[in-house]
Amino acid sequence: MAVLVVADHDNASLKDNTHKTVTAALALSGDVDVLVAGKGAKAVADAAAKIQGVRKVLLAESDALGQGIAEAFESLIVPLMSSYDALLTPATSQGKNLSPRIAAKLDVAQITDVVEVVDAS
């Protein structure tokens, strides 16, 4: 089972809730990748690569991603999900904006505001 985590950042620095989301993802699988989507966010991708347990970091940059436009994130993430079994986003306004849109496109249920992942089953 591979898990994709959407990094929370401001295009300059990685937010702490990304670390917490990666911790939850690691409870599901040892195969955890982080997506850093933004504009001029190479430093964020470098920081994400240093999180313990992260297998790889995907960096995508565009003006629309840098502005946090949900449609741009949807167009990026939906095709990527063919390689992943789960998508985790931090419980931020951006995560709550992206998750239902992506779940609807993938025709899957969304689980929100998870406080703890006990195991993958």
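I was working on a predicted model. I then checked the strands around this pair. E1 covers residues 2-6 and runs parallel to E4, and three bridges join E1 to E4.

**Sheet order.** Next I traced the whole sheet. I found four strands in the order E3-E2-E1-E4. The sheet is open and its pairing is parallel. Which strands sit at the edges? I noted strand E3 (54-61) and strand E4 (86-88), each of which pairs on one side only. Neighbouring strands are turned by 25 degrees against each other on average, direction ignored.

**E2 and E3.** How many bridges link E2 and E3? I counted seven, in the parallel sense. Within this pair I picked out Ala 37, which stands opposite Ala 60 in E3. I followed the chain from E2 through H2 to E3 and logged a β-α-β crossover.

I then placed H2, residues 42-49. Helix H2 lies across strand E2 (31-38) and E3. Against E3, helix H2 runs at about 170 degrees. Last, I turned to H4, residues 70-80. Which strands does H4 lie across? I listed E1, E2, E3 and E4. Against E2, helix H4 runs at about 160 degrees.

Terms used
Residues numbered from 1 in each chain as written. Predicted model: local features only at pLDDT ≥ 70, side-chain atom pairs only at ≥ 80, totals over all residues. Heavy atoms only, no water. Pairing = 2+ DSSP bridges. Helix = DSSP H or I, 4+ residues; strand = E, 2+ residues; numbered from the N terminus. Axes fitted to C-alpha atoms, helices over the stretch in contact; angles between N-to-C directions. Contact = heavy atoms within 4.5 Å. Right-handed = clockwise from strand over helix to strand, strands pointing away.
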